[in-house]
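Subject: Handover of a structure

Dear colleague,

Please find the structure below, together with its sequence. My notes on it follow.

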Amino acid sequence: MAEAATAGEAPPHRGLPDEITIWEILVRLPPKALLRCRAVCRAWRRATSSRGFLLAHHAHQPALPLLYLHDATDNLNQSLDIVPLDHRAGAAAADKLRSVARLGSRVNHFELEASCDGLLLLATVGDPRFAPASYFTVCNPATRQCAPLPLLCGFSLAGMYPHTPTGGYRLLLYPDGMWIERPPGVQGACYVYALGSCQPPRHIGWPEAEKLIHGLAVSVPFRGCLHWFVQMVEAENSMIMVFDGVAESFRQMRAPAVPGAADLFEMDGMLGMAGFNDAMTTIDIWMTRDYDSEVWAFKCRVELPVAELSVRFGLGKYWDLVVSSSDDDDVLILVESGKWLLQFDTGGKLVARFYNKSLSTTQLRLKQTLVQHTFFPTIEGYVVNTWPFISPDDYVDTYPPTI
C-alpha cells in the first residue's frame with residue numbers, strides 16, 4: 001500500500017485517505033497524467049513508483065486498438081505516430097485520436113510489427129540491395145525507452161509473447177526471405193529469441209509450421225500462445241495454427257467455416273474470429289464457447305452499408321477492414337478508405353468518423369505500461385527520452401476529430 005507522507009509533508013487532500021487517492025484514483029489515470037501527479041508531493045512519487053503500484057496501474061489501462069500515422073516529408077527524415085483509438089463512451093472527440101509517441105527514422109520508415117503488454121516491436125524497412133530487408137527495435141512509448149535488436153538481422157517476425165516461467169518476453173522468428181543468401185549458421189524453420197538476451201535466436205525447428213505461418217497477418221497472443229488463422233483452398237479445411245510459448249511447439253485448432261479471409265482477436269477472456277465474405281461487406285463474428293474443447297459459438301452478423309458509404313465518403317472498390325475489441329466487451333469494426341477512418345458497431349451503425357488521409361489501421365492493441373523492464377539497459381544502444389523519440393514540443397499530438 002501507499003507509504004505515509006513524510007513528516008512535515010501535508011497530503012494534498014487531507015480528507016481523502018491514501019488508500020483511496022492512490023489505489024482507487026491515481027492507479028486508474030493514463031500514464032501521462034500519472035507522471036504529472038508525481039510532482040504533487042514526495043509521498044505520491046514514492047508510492048506510484050513502486051513495482052507493485054506500476055503493475056496494478058498497467059492492469060487498469062485499457063487495451064486500445066492501435067493506429068499509426070506516417071509523415072514522410074522526405075526520404076531521409078520520416079516519422080511514425082503511435083495513435084491508440086480511445087473508443088470508450090463519453091470520451092471527447094478530440095481525445096479519441098491522440099498520439100502517445102512519435103518516433104523518427106533516417107532509414108526509410110518504421111513499421112509496427114507487434115504489441116505486447118505495452119511494448120512495441122518496430123521494423124525499420126531498408127533497401128534489401130544494400131542492407132537486410134529490415135532490422136528491429138523494441139520500445140515502450142509510455143516510458144520512452146528504446147533499444148535496437150541487431151541480433152535479429154536476417155529474420156522475420158512471427159509474433160511476440162510473454163514468457164510466464166521467466167517473466168520476460170520472447171519473439172518467434174523465421175529466416176527473412178529477402179536475403180539472397182542466409183547469414184552463416186541460420187537454418188530453415190522457426191527460431192525463438194528472449195528480449196534482452198546477448199545470445200542470437202535459438203533454432204527450434206518446425207519447418208512445416210513455418211511454411212504455414214510465413215507471411216500471415218499479425219498473430220494474436222492468448223493464454224500464453226500465439227494464434228494465426230490459416231485459410232485453405234476450401235473453407236471447411238481452414239484452421240488456426242497455435243504456438244505454445246512454454247512448450248515451444250505447434251498444434252492446429254479447429255476454426256469456424258467462413259467464406260473468405262478472417263481476423264482473430266481477444267475479448268473478455270475469449271478468442272474471437274471475424275470472417276469476411278469476398279466483397280468485404282458482411283462480417284460473421286464467432287467466439288470460443290470452450291477454448292480447450294475448440295467449441296465456437298456464432299455471435300452475430302454485421303452488414304456494412306457499402307452503398308451509403310460510397311456516396312458519403314467516396315468509398316472505392318478497395319478498403320481496409322479491421323475487427324478489434326475493447327475492454328468493455330465491444331466488438332469494434334474499423335474501415336479505412338482514402339481520407340476517412342470509419343468506426344461501426346455490430347449493428348452496422350456508423351458511430352464515429354475521422355478525417356485524416358495518412359492514418360492507417362493495424363490488428364494490434366496497445367495497453368500502456370510504466371513498468372520498468374530490466375532487459376532495456378542490458379541492450380547495447382539503449383536510449384531513453386531521446387532519438388528516435390521526437391519531443392512532444394516538436395509536433396502537434398491531436399488529430400482532426402469527427403466531422
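R170 is buried, with a relative accessible area of 15%; buried means under 20% relative accessible area, exposed over 50%, and partly exposed in between, with a 1.4 Å probe and protein chains only. This is a predicted model, in which local features need pLDDT of at least 70 and side-chain atom pairs count only at pLDDT 80 or more, while totals for chains, interfaces and linings use all residues. Residues are numbered from 1 along each chain as its sequence is written, and side-chain values use heavy atoms, with hydrogens and water left out.

R170 belongs to strand β9 (residues 168-175); helices (H or I, at least four residues) and strands (E, at least two) are DSSP runs, numbered from the N terminus. Its side chain makes a polar contact with the side chain of E248, at 3.4 Å. Such a contact is a pair of N or O atoms within 3.5 Å; within protein, one must be able to donate a hydrogen and the other to accept it, and residues adjacent in sequence count only if both atoms are side-chain atoms. Neighbours within four places in sequence aside, R170 is in contact (heavy atoms within 4.5 Å) with G159, M160, Y161, H163, V192, Y193, A194, R202 and E248.

One of these residues, Y161, also belongs to a cluster in which ring pairs link Y161, W206, W228, F243 and F250. Rings of Phe, Tyr and Trp (its six-membered ring) pair if their centres lie within 6.5 Å; planes under 30 degrees apart count as stacked, over 60 as edge-to-face and the rest as tilted. The count comes to twelve aromatic pairs. The pair of F375 and F376 is stacked, because the ring centres are 4.6 Å apart and the planes are at 25 degrees. Both residues count as buried, F375 at 10% relative accessibility and F376 at 0%.

Turning to the strands, two of them pair if DSSP finds at least two bridges between them. An open sheet of four strands has the order β16-β17-β18-β19 and antiparallel pairing. Its edge strands, β16 (262-267) and β19 (295-303), each pair on one side only. From one strand to the next, the twist averages 25 degrees. Strand β18 (residues 282-290) is joined to β19 by eight bridges, with I285 opposite C300.

Strand β21 (residues 331-337) is largely enclosed by the rest of the structure, because seven of its seven residues are buried. V331, I333, V335 and S337 point one way from β21, while L332, L334 and E336 point the other way. Six bridges join β21 to the antiparallel strand β20 (residues 320-325), where D320 stands opposite E336. Five bridges join β21 to strand β22 (residues 340-344), again antiparallel, and I333 stands opposite F344 there. The hairpin of β21 and β22 has two residues between the strands, and G338 takes a positive phi near 60 degrees in this hairpin.

In helix α4 (residues 51-60), the buried residues are F53, L54, A56, H57 and H58. Among the elements that cover them are α1 (18-25), α2 (31-37) and α3 (42-47).

Lastly, the cysteines: with a disulfide taken as a pair of cysteine sulfur atoms within 2.5 Å, the count comes to zero. For C37, the nearest cysteine sulfur is that of C41, 9.8 Å away. C153 is partly exposed, with a relative accessible area of 29%.

Yours sincerely

Terms used:
Axes fitted to C-alpha atoms, helices over the stretch in contact; angles between N-to-C directions.
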